[in-house]
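User: Could you take me through this structure? I would like the conventions first and then the details.

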Amino acid sequence: MEKPVLDVRNLAIRYGGASRDAVRGVSFTLGRERLGIVGESGSGKSTVGRAILKLLPSAQITADRMQFEDIDLLKASERDMLKIRGRRMSMILQDPKYSLNPIQRVGRQVAETYMRHFPATKAEARQKTLAMLEAVKIRDPERVHDLYPHEISGGMGQRVMIAMMLLAEPDLVIADEPTSALDVTVRLQVLEILNGLVRDRGIGLIMISHDLNLVRNFCDRVLIMFDGQVVETLNAHELDRAQHPYTRGLLAAQPRIGDRRKMLSVLDRRPEWSQEIAQ
Amino acid sequence: MTSNVDIRDLSISFGEGPAAVKVLPGVTFSVEAGECFGLVGESGSGKSTVLRCISMLTDFWQGSITVGGRDIRQIPRLERCRLLQMVFQDPYGSLHPRQSVRTTLSEPLKIHGLDDHEGRMRRVIRDVGLTADFIDRFPHQMSGGQRQRIAIARALILEPSLLLLDEPTSALDVSVQAEILNLLVRLREERGLTYIMVTHDLAVVDHMCDRFAVMLHGEVTEVLPRTAIDGNHATHPYARELIGASLEYEGAL
């Protein structure tokens with residue numbers, strides 16, 4: 001087997017002032033594949049994503065191992081992380097409306113990433129930016145380059161965010177609900193772009209989502225999180241054969257097109273699911 | 001009491017003079033009494049605007065809207081509030097953070113001069129599947145699903161016959177969505193309510209609605225029965241694309 005991009009063993013995260021860990025005993029490896037992390041709000045899935053990038057300054061992160069390629073993330077200083085974040089691992093956030101700077105033209109924001117990590121003139125960065133906007137299938141990149149975030153649609157905003165991240169050619173991308181704010185037709189286009197990245201550039205992708213349909217159709221493997229722990233790991237196409245009652249409950253609660261109309265089954269949360277899961 | 005809704009040539013423009021933007025160029029559809037009618041389409045297609053026009057939250061529209069055969073403009077406001085109510089998308093935003101459930105629920109009772117506040121509040125809280133001790137809670141003391149139940153209780157306390165539901169479950173987790181959808185199904189059966197429901201999720205339409213309208217750029221492209229979703233029996237190209245994308249997304253193909 002090829003060397004994993006990311007190897008996490010027994011990760012625990014506790015927010016400052018909290019009496020218990022928000023995330024406990026999370027272990028997984030990521031190759032050049034699409035890994036989904038699903039769970040309800042508050043299950044700790046976004047916290048895991050942020051911890052990998054060390055974006056939780058007030059939280060205490062412990063793990064037996066947190067290895068990203070040649071870097072031991074547990075030992076990496078903030079100084080080291082500044083060189084890694086955006087350059088070798090990147091994050092795509094949920095809503096481009098809130099993650100783009102509203103008073104800067106989008107082209108300049110994309111170019112900034114490039115200038116930050118590579119020695120380049122403004123003209124070179126502009127060329128790179130335009131090429132990248134084209135690569136994420138934005139028609140007329142010259143025009144979009146000079147628009148402000150409020151002048152572009154949600155789907156285009158998300159593509160701008162992907163272009164920004166792609167310029168530095170990272171090996172690991174963490175996408176936190178990248179399509180939740182988008183319409184279903186646009187959603188498929190954005191997913192296809194992310195899919196191309198894994199296929200053509202061989203990046204490792206972590207897809208954080210609450211949407212079971214999305215991970216089922218889009219990811220290779222899925223971690224299911226409940227109350228800060230991974231309750232089950234499955235191949236995405238085997239999601240329907242899930243064993244854990246929580247996963248089965250989530251699947252059953254979902255209305256599906258063409259189903260006979262009946263009461264949707266409601267999740268019956270069991271306290272024993274929150275107990276420590278044996279490693 | 002049930003209410004049928006008839007909308008003819010509804011149009012609305014925002015802004016004035018040459019800068020005016022016509023948002024709805026002319027929407028026409030009817031909803032039968034006791035029906036659950038869906039409005040779907042991409043963001044910005046005017047779905048929520050239609051609900052805001054029906055409820056008169058936005059009142060500078062042209063055309064005609066009748067509820068139960070009566071022109072909505074001719075119905076006095078107090079009476080209108082007892083005829084129709086709205087449930088909004090995000091219970092984090094639609095409930096006042098500094099007001100207890102008691103304040104939220106008793107205000108409409110006071111305005112309408114109704115008696116037996118305590119009894120009405122207890123009944124409506126039980127109807128939405130909560131217990132009476134929730135009456136003294138504040139929004140931050142409840143989960144998202146509990147808050148949406150309170151938002152529905154607030155809409156129901158004046159006993160309207162028409163509920164306008166603006167993406168009532170899209171801010172909620174799938175497990176909580178199931179609870180709220182079950183609640184809405186039960187309330188409609190028990191009370192014979194008419195629903196007009198905006199959503200972007202065709203699986204929810206298939207589960208809840210009898211018919212639905214597909215909107216694009218403010219226009220209704222096609223009104224379809226729910227059975228048109230599975231197998232994609234739409235004829236308008238955009239409606240076909242939307243249903244096709246939803247089926248693909250759900251992996252039902």
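Analyst: The conventions come first, followed by the two chains and some local features. This is a predicted model, in which local features need pLDDT of at least 70, side-chain atom pairs count only at pLDDT 80 or more, and totals for chains, interfaces and linings use all residues. Residues are numbered from 1 along each chain as its sequence is written, chains are lettered from A and ligands numbered from 1 in the order in which they are written, and side-chain values use heavy atoms, with hydrogens and water left out.

User: How many helices and strands are there in chain A?

Analyst: Chain A has ten helices and eleven strands. Helices (H or I, at least four residues) and strands (E, at least two) are DSSP runs, numbered from the N terminus.

User: And what does the secondary structure of chain B come to?

Analyst: Chain B has nine helices and ten strands.

User: What radius of gyration does chain A have against the globule rule?

Analyst: For 279 residues, a compact globule would have a radius of gyration near 19 Å, and the 19 Å of chain A agrees with that. The radius is taken over C-alpha atoms, and the rule is 2.2 Å times the number of residues to the power 0.38. Along the principal axes, the C-alpha atoms of chain A fill a box of roughly 60 × 50 × 40 Å.

User: What about chain B?

Analyst: Chain B has 253 residues and a radius of gyration of 18 Å, in agreement with the value near 18 Å for a compact globule. Its C-alpha trace spans about 50 × 45 × 35 Å along the principal axes.

User: What are the contacts like in chain A?

Analyst: Among contacts with a separation of 6 or more in chain A, 67% are accounted for by residues 24 or more positions apart. A contact means heavy atoms within 4.5 Å. The corresponding share in chain B is 65%.

User: Let us turn to α6(B). How does its span compare with expectation?

Analyst: Helix α6 of chain B covers residues 144-156, and at 1.5 Å a residue its 13 residues should span 18 Å; the end C-alpha atoms are 18 Å apart, which agrees. The expected span is 1.5 Å times one less than the number of residues.

User: Why is α6(B) described as largely enclosed?

Analyst: Eleven of its 13 residues are buried, so α6(B) is largely enclosed by the rest of the structure. Those buried residues include R147(B), R149(B) and I152(B).

User: What do they pack against?

Analyst: The buried residues of α6(B) pack against elements of chain B that include α3 (91-94), α4 (101-111), α5 (117-127) and α7 (174-191), together with the strands β6 (84-87) and β7 (162-166).

User: Now a sheet in chain B. What is the strand order of the open one?

Analyst: The open sheet of four strands in chain B has the order β2-β1-β4-β5, with antiparallel pairing. Its edges are β2 (21-31) and β5 (70-71), each with a single partner strand, so one side of each is left without a neighbour in the sheet. Two strands pair if DSSP finds at least two bridges between them.

User: How many bridges join β4(B) to β5(B)?

Analyst: Two bridges join strand β4(B), residues 62-67, to β5(B), and T66(B) stands opposite D71(B).

User: Which strands does α1(B) lie across?

Analyst: Helix α1(B), residues 47-54, lies across β1 (5-14), β2 and β4 of chain B, running at about 110 degrees to β1(B). Axes are lines fitted to C-alpha atoms, for helices over the stretch in contact, and angles run from 0 to 180 degrees between N-to-C directions.

User: Is T58(B) buried or exposed?

Analyst: T58(B) counts as buried, at 8% relative accessibility. This residue lies in the loop between α1 and β4 of chain B and touches I12(B), R52(B) and C53(B), not counting residues up to four places away in sequence.

User: Back to chain A. Where does E69(A) take a positive phi?

Analyst: E69(A) takes a positive phi near 50 degrees in the hairpin of β5(A) and β6(A), which has two residues between the strands. Two bridges join these antiparallel strands, and F68(A) has I71(A) as its bridge partner in β6(A).

Notes:
Buried < 20%, exposed > 50% of the residue type's maximum accessible area, 1.4 Å probe, protein only.
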